[in-house]
Amino acid sequence: MVHFIDVYEWLPASAPIGHPHIVADFNEETNKDNLRGADGICTMLYKYNPSVLRDFLDLRIPSIEIVRREEESYRYDMIIARHERVVTCGFMRNAEFVDLRVDFGITEEGLWVPLSGHTDFIHPTGPNRGEILDGLGGQLAAQIMYHKLWDESTAKEIKVDVEREGP
């Protein structure tokens, strides 16, 4: 099982699955059954820069976007964006989403609910849609953790754009 750590009292390790957590440690053998997209996204932002995580989770800030650009042409860029209560995270090439993308809605209670998502081969529909979307979020989080996407030394750049006031 993935283990979580307490870094802020407002982001407890004991929060239920689906709420954001900071991952304590992770490797290929880690059982990922309790890993969700919110965990990977928040861990990346925390390890990159804790103040970026605070801004990202501060819903008084209308919009924030983090883009990780890759040096190597064979690797995809990644975007993490929040507008109001909707989070989008995925991999891009030439400003188009490719491979894996998941969108989440943040409830009043802080739960991240997968709204939509896809990979190159999976476009969830039908009665198992929610379960499939949870799985896609877990895959997204695992990619972030496996590749340590918070590490600036392996990226061309990581850019943060914060909109502090609405239109």
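Predicted model: local features only at pLDDT ≥ 70, side-chain atom pairs only at ≥ 80, totals over all residues.
Visitor: Which residue other than glycine has a positive phi near 55 degrees?

Guide: That is Glu84, with phi near 55 degrees. Glu84 sits in the loop between strand S4 (77-83) and strand S5 (86-93), and at 42% relative accessibility it counts as partly exposed.

Visitor: Now to rings. How is an aromatic pair read, and how many are found in the whole structure?

Guide: A pair of aromatic rings is described by the distance of the centres and the angle of the planes. Rings of Phe, Tyr and Trp (its six-membered ring) pair if their centres lie within 6.5 Å; planes under 30 degrees apart count as stacked, over 60 as edge-to-face and the rest as tilted. A search of the whole structure finds 5 such pairs. One of them is Tyr8 with Trp10, stacked at 4.5 Å centre to centre with 5 degrees between the planes. Tyr8 counts as buried because its relative accessibility is 17%, whereas Trp10, at 44%, counts as partly exposed.

Visitor: Why is the pair of Tyr8 and Tyr46 called edge-to-face?

Guide: The ring centres of Tyr8 and Tyr46 are 6.1 Å apart and their planes stand at 85 degrees, so the pair is edge-to-face. Tyr8 is in the loop between strand S1 (3-5) and strand S2 (22-25), while Tyr46 is in helix H1 (residues 37-48), so this pair ties together parts that are 38 residues apart in sequence. Tyr46 is partly exposed, at 24% relative accessible area. Together, Tyr8, Trp10 and Tyr46 form one aromatic cluster.

Visitor: Salt bridges next, please. How many does a search of the whole structure find?

Guide: Side chains of opposite charge can pair when their charged atoms come close. The search finds 8 salt bridges, each being a side-chain nitrogen of Lys or Arg within 4 Å of a carboxyl oxygen of Asp or Glu. In one of them, the side chains of Arg164 and Asp55 meet at 2.8 Å, N to O. This pair links distant parts of the chain, with Arg164 in the segment after S8 and Asp55 in helix H2, 109 residues apart. Asp55 counts as buried, at 19% relative accessibility.

Visitor: Which side chain does Asp77 meet in a salt bridge?

Guide: Asp77 meets Arg69, at 3.7 Å from N to O. Asp77 is buried, with 18% relative accessible area, and Arg69 is partly exposed, with 36%.

Visitor: Which residues are linked in a network of salt bridges?

Guide: Arg68, Glu70 and Arg75 are. Within this group, Arg75 pairs with Glu70, their closest N and O atoms being 3.9 Å apart. Glu70 counts as buried because its relative accessibility is 9%, while Arg75 is partly exposed, at 26%.

Visitor: Last topic: which residues gather in a patch of negative charge on the surface?

Guide: Glu65, Glu84, Asp161, Glu163 and Glu165 do. Patches are made of residues with over 30% relative accessible area and no salt bridge, joining like charges within 9 Å and nonpolar side chains (Val, Leu, Ile, Met, Phe, Trp, Tyr) within 5 Å. Lys and Arg count as positive and Asp and Glu as negative, with His and the chain ends not counted; the place of a charge is NZ of Lys, CZ of Arg, CG of Asp or CD of Glu. Asp161 belongs to strand S8 (residues 157-163) and is partly exposed, at 48% relative accessible area.

Visitor: Which residues make the nonpolar surface patch?

Guide: Val86, Val113 and Leu115 make that patch of about 200 Å². Accessible areas come from the Shrake-Rupley method with a 1.4 Å probe, and for residues only the protein chains shown count as cover. Leu115 is in strand S7 (residues 112-119) and is partly exposed, with a relative accessible area of 40%.

Technical notes. Residues numbered from 1 in each chain as written. Heavy atoms only, no water. Helix = DSSP H or I, 4+ residues; strand = E, 2+ residues; numbered from the N terminus. Buried < 20%, exposed > 50% of the residue type's maximum accessible area, 1.4 Å probe, protein only.
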